[in-house]
Amino acid sequence: MPDLLKILLVDDNPDDRLLIIRELRKLFLVDVDEVFDNKGFERACMQADFDLVITDYQLRWTTGIEILIRIKTGFPLKPVIMFTGTGSEEIAVMAMKIGLDDYILKTPQHYIRLALSVKSIIKRMQDEYLRKQAESALHKSEEDYKTLVEKLGIGISRYDKDFNILMSNEAHARMFGTSTAAMAGKKLTDLYRFPDSPENHISSEFAYTTNAQFETFGTVMRNVKSVFDVHIRIFPSHNDQGELSGYVEMAEDVTSKLKSERVQQALNNISTSGFISQNLVQLVNSVCYELTSLIDVSGVRFHIFSEDRKRLCDY
């Protein structure tokens with residue numbers, strides 16, 4: 001997805017268009033094509049230079065339903081949001097059946113909801129883009145596979161419908177200290193073991209979303225002696241007939257990232273303790289508390305010079 005979000009805004013009220021654009025620019029870098037008549041809409045459809053459509057329902061020259069039908073007919077993958085103050089529940093239901101991505105009432109308090117809806121749709125578009133990239137990479141030749149996938153540092157595996165691994169890249173195998181050949185045939189539920197739970201909860205979570213995207217974070221076992229933090233995303237894969245054919249997984253080892261975040265948070269908290277602690281003992285206790293999230297401090301001793309006692313004191 002590009003950083004610049006191109007939005008086709010169909011609304012014949014200039015004040016409403018101004019408010020919508022102002023709200024969107026609080027969250028995004030946007031290029032808005034403002035359409036307020038049929039000529040402008042036809043021109044926009046011919047150019048097809050937009051990522052997402054926001055339309056009113058009641059327009060002087062047509063309706064939002066007609067706009068939706070035209071967009072979904074010509075550009076079925078382009079998201080459409082209806083932002084209107086003149087619709088109804090029946091219109092919303094009908095629009096959703098046609099393929100509307102979101103329906104929002106046009107009231108002052110809902111302008112922020114419009115921006116959040118756009119944000120959510122962008123996230124879905126990005127996930128779909130990543131899924132397609134992963135599927136494409138896994139179909140490439142071995143040479144292309146290494147070029148396009150291995151450099152990502154992201155583990156990718158393809159599963160059949162029973163969650164047996166068909167193919168894995170080296171990055172995914174390295175996460176578990178094994179080879180791509182050894183990964184073949186393993187089940188998803190055998191791969192991820194959670195040391196903090198007697199049950200393999202990835203299988204119970206994923207069981208409810210077998211035909212939809214699944215995402216989770218967790219600390220999993222690399223082997224019997226070590227663990228790592230992982231961000232897991234799983235997408236269903238379909239054949240040309242639209243039938244479920246298997247799954248594609250993208251896994252990222254986020255251990256270093258999370259550790260850096262914990263270290264930074266601990267340092268910030270220790271720095272704050274220096275200002276709010278009322279005495280030296282309280283400061284030492286605060287420092288020890290923060291360090292316990294990073295290292296074993298059971299054998300740590302602090303030697304601090306006391307001005308009152310004119311000597312080093314142990315804590």
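Student: How many of the residues of the protein count as buried?
Tutor: Of its 315 residues, 39% count as buried, where buried means under 20% relative accessible area, exposed over 50%, and partly exposed in between, with a 1.4 Å probe and protein chains only. This is a predicted model, in which local features need pLDDT of at least 70 and side-chain atom pairs count only at pLDDT 80 or more, whereas totals for chains, interfaces and linings use all residues. Residues are numbered from 1 along each chain as its sequence is written, and side-chain values use heavy atoms, with hydrogens and water left out.

Student: And how many helices and strands are there?
Tutor: The protein has twelve helices and twelve strands. Both are DSSP runs numbered from the N terminus: helices are H or I with at least four residues, and strands are E with at least two.

Student: What share of the contacts comes from residues 24 or more positions apart?
Tutor: Such pairs account for 50% of the contacts with a separation of 6 or more, a contact being heavy atoms within 4.5 Å.

Student: Turning to H2, which of its residues are buried?
Tutor: In helix H2 (residues 38-47), the buried residues are Gly40, Phe41, Ala44 and Cys45. Seen down the axis of H2, they fall within an arc of 135°, so they line one face of the helix. The arc is taken from the directions from the helix axis to the C-beta atoms.

Student: What does that buried side pack against, and what is on the face turned away?
Tutor: The buried residues of H2 pack against strand S1 (4-10), strand S2 (29-35) and helix H3 (64-74). The face turned away carries the exposed residues Lys39, Met46 and Gln47.

Student: What follows H2?
Tutor: Alanine 48 follows H2, and its phi is positive, near 55°.

Student: Which residues are buried in H3?
Tutor: Gly64, Ile65, Ile67, Leu68, Ile71 and Lys72 are buried in H3. Viewed down the axis of H3, these buried residues fall within an arc of 160°, so they line one face of the helix. They pack against S1, H2, strand S3 (52-55), strand S4 (80-84) and helix H4 (89-98).

Student: Glutamate 66 is in H3 as well; why does it count as partly exposed?
Tutor: Glutamate 66 counts as partly exposed because its relative accessibility is 44%. Its C-alpha atom is separated by 9.8 Å from that of alanine 95, which is 29 residues apart from it along the chain.

Student: What about the largest nonpolar core: how many residues does it have?
Tutor: It has 22 residues, and those with the most contacts inside it are Leu8, Val10, Phe41, Val53, Ile71, Met82 and Leu100. A nonpolar core is a set of buried Ala, Val, Leu, Ile, Met, Phe, Trp, Tyr and Cys residues joined through side-chain atoms within 4.5 Å. S1, H2, H3, S4 and H4 each give two or more residues to this core, and H3 gives the most, with four.

Student: What does leucine 100 touch?
Tutor: Not counting residues up to four places away in sequence, leucine 100 touches Leu68, Val80, Ile81, Met82 and Ala95. A second, separate core of 21 residues includes Leu5, Ile20, Val30 and Ile122.

Student: New topic: how much space lies in the largest pocket?
Tutor: About 480 Å³. On a 1 Å grid over the protein atoms alone, a pocket is an open set of points with protein on both sides within 12 Å along at least five of seven lines, a cavity is a set of points where a 1.4 Å probe fits but cannot get out, and lining residues have an atom within 4 Å of a point. Grid points are joined across faces, edges and corners, and a volume is the space filled by probe spheres set on the points.

Student: Which residues lie nearest the centre of that pocket?
Tutor: Of the 14 lining residues, Leu77, Pro79, Arg124, Met125 and Glu128 lie nearest the centre of the largest pocket. Helix H5 (residues 111-138) gives the most to the lining, with six residues.

Student: And which residues line the largest cavity?
Tutor: The largest cavity, with a volume of about 50 Å³, is lined by Ile154, His231, Arg233, Met250, Ala251 and Glu252.
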